[in-house]
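Open your viewer and switch to cartoon view. The tour below goes sheet by sheet, with something to select at each stop.

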Amino acid sequence: MKHYTHATMGLAATAMLTSPLVLAQPDESVQTEAGAIAIETVVEGLVHPWGMAFLPDERMLITEREGRLRILSKDEKLSDPIEGVPDVFNRGQGGLLDVALHPDFASNRWVYLSFAEPGEEGASTALGRGRLEEGKLEDFEVIFRQEPKVDEENHFGGRIVFSGDETLFFTLGERFLFDPAQDLSNHLGTIVRLNHDGSAAADNPFVDQDDARDEIWSYGHRNIESAAIHPDTGELWVAEMGPLGGDELNRPQAGKNYGWPEVSWGKHYSGEEIPDPSENGEYANAVMQWTPVISPSGMIFYTGDKFADWQGDMLIGGLTEQGLVRITLDGEEVTNDERIPLGVRIRDVEQGPEGWIYVATDEPDGKVMRLRTLDD
């Protein structure tokens, strides 16, 4: 277990497929605090897969950063790229990012995509939706764009999380520009809360405030690629990438400023110090921080019964960590931080309808892997 500290010590308390009738032999196994689990490859040959979502018929949607959306069948066959996907800015960290289903997908067929949208003045993190019909997206439209567009290739954010109140949260990086994350007149370094049609939620904290964007829920963020709703409280949790050290676990609150780049638990890449959040009460502090970083991407709260000891726990993908990070909570306090090594950069995490855990690897020859107990 790596070092983390708790607020009581003066620091910030340191995200299906129906399985085949006969499961394949696992590629390998790994020991966890709950016992050994099997790791098996579900599909290979993906180019930097970024997001996953399970359809009601137990097929899986998978995005590839280069701009492809594919369907993985129940018998684990990968489709050709789906038609109707928007053009993307496929440079640096940009491209086709997350995929999510509308809560009423069974009736309206809406699939939501986040992506880096190209433009003459640079790229913008955008959110759009289309109807999945007969293996293609129809009537795709962009419903929200981060403003302004930026001529920069990093920190797009892009996670889509539906809440239970007819709204969704959308995470937006500060595009590696630092100071705009403190400026409410733009969307850089924010989490926005939107109605399902992309408009600003009417009760957002900065609605009708001069020089502030109506869509903003919280700000002062750096780059968030991990986000999930707590199944019991309905609250949003995120894991945020820090600079040199200082990845953060946060429970973003309406209107709060999370401090970047004025404060951080990490340092600038040059080694220059940044004040800690605890030194200035103006900024919201993290629930937990990781130094060294885990580079979080993808998050779920586990609600299945296959891993009984993990029910209610948070599972976070780790790029630098090259595995999963399992967080147990007691209210808002972190009580355990377990590392589950997988030996590869993990970009996304999903729970299958059968209760297994699926992870997507961030590689040019990427894959989706399934984690299951050895006795199943």
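Start with the sheet of five strands, ordered β1-β2-β24-β23-β22. It is open, and its pairing is antiparallel. Strands here are DSSP runs of E with at least two residues, numbered from the N terminus; two of them pair if DSSP finds at least two bridges between them.

Select 28-32 and 346-351 next. These are β1 and β22, the edge strands, and each pairs on one side only. From one strand to the next, the twist averages 30 degrees. Axes are lines fitted to C-alpha atoms, and angles run from 0 to 180 degrees between N-to-C directions.

A note on the model: it is predicted, local features need pLDDT of at least 70, side-chain atom pairs count only at pLDDT 80 or more, and totals for chains, interfaces and linings use all residues. Residues are numbered from 1 along each chain as its sequence is written, and side-chain values use heavy atoms, with hydrogens and water left out.

Now select 357-361 and 366-373. These are β23 and β24, paired in the antiparallel sense over four bridges. Which residue in β24 stands opposite Tyr 358? Show Arg 370: that is the one.

Move to the open sheet of four strands, β10-β11-β12-β13, again with antiparallel pairing. Select 160-162 (β10) and 216-219 (β13). Both stand at the edges with a single partner strand, so one side of each has no neighbour in the sheet. Neighbouring strands of this sheet are turned by 20 degrees against each other on average, direction ignored.

Pick Ile 160 and find its bridge partner in β11, Phe 170.
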